[in-house]
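Subject: Structure handover and what I found in it

Dear colleague,

I am passing on the structure we spoke about, together with notes on what turned up when I went through it. Please have the model open beside this message as you read.

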Amino acid sequence: MNNARLPLARVKDDLTSLFIVSISFIIALWIRIRPAESVFLPNGFVRFSNDALAHMRMVEVLLHNYPHGMFYNPLTVYPYGSHIHFGPLFDHMIALTALAIGLGNPSTELVNVIGAYFPAVMGALIVFPVYFLGKHLKDRKTGVIAAFLIAIGSGQFLNRSMIIFTDHHVAESLFSTLFILFFMLSVIEANRIKLNIKMIQHKENHAVKPILYAALAGLMYAAFQLSWPGAPLFGMIIVIFAVIQYSVDHLNGKSTDYLGIVGIITFLVGLIFVSPFIRSEMGISPYFYSWFHVLTAFAAVLAFVYMSIVHKEMDKRHLKPIYYPLVLLATAAIALILLRVASPSSYYTITSVLVGIFQIHTGGMATVGEASSIFYRGGAFTLSSVWYNFAMGFFISIIAMFMLAFSIKKDKKPEETLVLVWTFILLLAIYGQNRFAYYYAINVALLSGYFAAKVLDLVGWKKLEAAYHEKVHSVGELPHFLSKNIKAGHVLTIFLLLLLVAYPSYSLAMQQSQYASGTNGYWLDSLFWMEANTPDPGIDFLQIYDAPPRGELFDYPDTAYGVMSWWDYGHEIEAIARRLPNANPFQAGIGGRSTSIDEENRPGAAPFFTAPSEEEATAVLNAIHPDPDKAAARYIISDVEMATGKFYAMTAWTLDTEGYYVSVQTDSGSQYVPGQRYYNSMEARLHIFDGNGLQQYRLVHESPAAPAGHTSETGYKNVYNVLFGGNLPLTDSGYVKTFEYVEGATITGTAPAGETVTISNTIQTNQGRSFTYSQSATSDGTYSFTVPYSTEGPIPGETQFTVRPTGAYTISYGEVTQQVSVGERAVLDGNVIEV
């Protein structure tokens, strides 16, 4: 090709590639917004996912107080509140977009629409940095293929970038990829021009480009950190890459100045933009914006400075090159030992974070879906989650890693080393926690593109590209060129690559994107009811509250109360019902044990729902609240999943799982079914038995039931009837049930000693379902029952319940039958009623 035409050809190729990548962007966006019609409700409410509700709540507060946002939230983990660990950037991006489109005064509906579509747009945009990563790793076709593959990718990356999954994860993926891209570009350019200090001192023009890329890498690193406090994981990836590349360059007699310059600039720029958000009161915590983020940045800068100095000093003294990596390893070991001696807390913080990322979890954390290993389920090795997330791309990317390693051995390109280190560490991360699959999806797409491009080169694609550049000068010449040069092998290779690499991923993506995982209708029904029919807890939903001083509690008003449910539903309770959950999806408020069965069972959701009696469950509520005379929760919400599939997770958090399920022989062989210990649990008493016989817990609302056969409720009831002589109706009750904790009215009377006295009533729910509430006791001359239901209906300012007795309580013994009415005030105040 004529050299004069070379720049023009490159521009043409870039434009063609970017046009194809833009089509990939459109495909990616379409896949992510497919279920849009099902997420917008007629009342203007958007069916956001659980964690999305937490972000949209913060966006609402941010817009109300702009530019000030929340750093402490008293409306969750009652009665303690919680410091916000979410990064501020994602919420500010949504808020600023809403302010711009809404001309400074966006409506709630507009904010919700923007929030709903935001993750889909950000997820689709990632095709562009993936293209440039592929292009600079190998060539344009690598980038084009990689961009197409991430566009049709499945699994967690797709799920976390779907419409209404308005969570920071998609921002993490985008900014971490941009961070790696710009750092790669800075390394490539700095290595190409052999960047050194003298070039900067002399202000040489060609030094500007790698420095600019390094600054952009630092900016993206800051954006990544301000999206997720755990972003220093990628800082560690860069430092590990640097250790390897410094060693490779030193062993091969190359200057390492370029590495030191771009590394120092990257981390210093990142530190500058993160520093304003550091909260000194958080100490050295990796989970909040604290001194941890300052220290890790300085540590990275010092690492680059130290490695550069060691390189120069060893060169100056003509020491054997092999000593260089040994010195670095010895220095790292000594630094860790000194850190452990000088600051055990800092040492523990670092090691605990690494263990938390790379080690398989046990106990309660093993039940957290995203925290479990991608390779293990129920303790057994499996590749099902790998296939769900990456399809064939995972296995192809492993092959590509070996191909990349071979290329590194031959060509020693730092960009290839960077990609290999990045990929390998994230592979270790998904071994520990499958949540990192939404990061690793980028690596899978990139390496699958690398593999496909290598295969295409093997069948002559490079020659085809060269011929195209030489012979095709206009669009009209293209058909003739293709008919003359495209061979059957080219077509067959493309077809096989599409079938092997692209189709499985696309097929999974189409299955997984049919529906958006938002709050279901049963929970919406219950939470809308709770907001409208329970007392105002007395905390302004839109106000920014200051965190209490360390060691002190937030000063809640006397009207405040908690809502006990499993941690999965905390954000929904807060954002939709606008009430104060005792536990939330940050695994806060769960309680239980973390190390062994001998450890104290800390009060929280797990010990409450697994409590073997009403008295012990109430003791848990009292133990959660620092005021011994006040319970932590006024309402308890249960759903059928908590009573069935999720119940095991509750026991796992207490590290006491034995006996809840037992083996029985059936016509189908041995099966595990709920045992007596399960039916004694507070969760079963509430959901399976409707709270029958409980003295201080009453059903106040239930959602519609799920369609027959959609849950395991009737199966659990049938087991109780068969094994334990019960007579529970084999029908589905409300999917979500809301109970109120009350003092209970005490009914006392006299009866002959030895008589069995029974009190009962028929309770009708808001769904028209009826069940019997009853208690029995043996009289010693007197009897006493504490009952939670009022027979006279709700009163103003209290719970406006629609589940109520159909009449007065019936007390019976022998031939005696008596009717007793109970007022709501007697139930709330714990009054005594004498018969």
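Between which two helices is the loop that holds K203? Before the reply, please keep in mind that this is a predicted model, and that every value below was computed from it. K203 sits in the loop that runs between α9 (197–201) and α10 (208–225), and its backbone has a positive phi of about 55° even though the residue is not a glycine. In general, most residues other than glycine have a negative phi. At a relative accessibility of 72%, K203 counts as exposed.

The bond that joins Y66 and P67 is cis, with omega about 10°, and P67 has its place in the loop between α2 and β1 (72–73). The peptide bond from Y78 to P79 is cis as well, with omega near 10°, and P79 is placed in the loop between β1 and β2 (82–83).

How do the helices pack on one another? I looked at two pairs. In the pair formed by helix α11 (residues 232–251) and helix α18 (residues 414–432), the angle is about 135° and the axes are 9 Å apart, and α11 and α18 are therefore oblique to each other. Their crossing is right-handed. On the α11 side the contact is made by F234, M236, I237, I238, I240, F241, I244 and Q245, which meet P414, T417, L418, V421, W422, I425 and L426 in α18. Sorted by class, the residues of this contact between α11 and α18 comprise 13 nonpolar, 2 polar and no charged.

In the other pair, helix α13 (residues 291–316) packs against helix α14 (residues 323–342) at an angle of about 140°, with 11 Å between their axes, and α13 passes α14 in a right-handed crossing. Here Y306, M307, V310, H311 and M314 of α13 meet Y323, Y324, V327, L328 and T331 of α14. The contact of α13 with α14 has 8 nonpolar residues, 2 polar ones and no charged ones.

The loop between α13 and α14 holds L319, which counts as partly exposed at 39% relative accessibility. L319 and V664 are 345 residues apart in sequence, and their C-alpha atoms are 73 Å apart in space. S38 gives another such pairing: S38 and A516 are 478 residues apart along the chain, yet their C-alpha atoms are separated by 7.9 Å. S38 itself lies in the loop between α1 (6–33) and α2 (50–64), and is partly exposed, with a relative accessible area of 41%.

Finally, is S407 buried or exposed? S407, which has its place in helix α17 (residues 392–411), is buried, because its relative accessible area of 7% falls under the 20% cut-off. Leaving aside the neighbours within four places in sequence, S407 is in contact with K412, E416 and Y450.

How values were computed
Residues numbered from 1 in each chain as written. Predicted model: local features only at pLDDT ≥ 70, side-chain atom pairs only at ≥ 80, totals over all residues. Heavy atoms only, no water. Axes fitted to C-alpha atoms, helices over the stretch in contact; angles between N-to-C directions. Helix = DSSP H or I, 4+ residues; strand = E, 2+ residues; numbered from the N terminus. Parallel < 35°, antiparallel > 145°, perpendicular 65-115°, else oblique. Left-handed = near helix turned anticlockwise from the far one by under 90°. Contact = heavy atoms within 4.5 Å. Nonpolar A, V, L, I, M, F, W, Y, C, P; charged D, E, K, R; others polar. Buried < 20%, exposed > 50% of the residue type's maximum accessible area, 1.4 Å probe, protein only.
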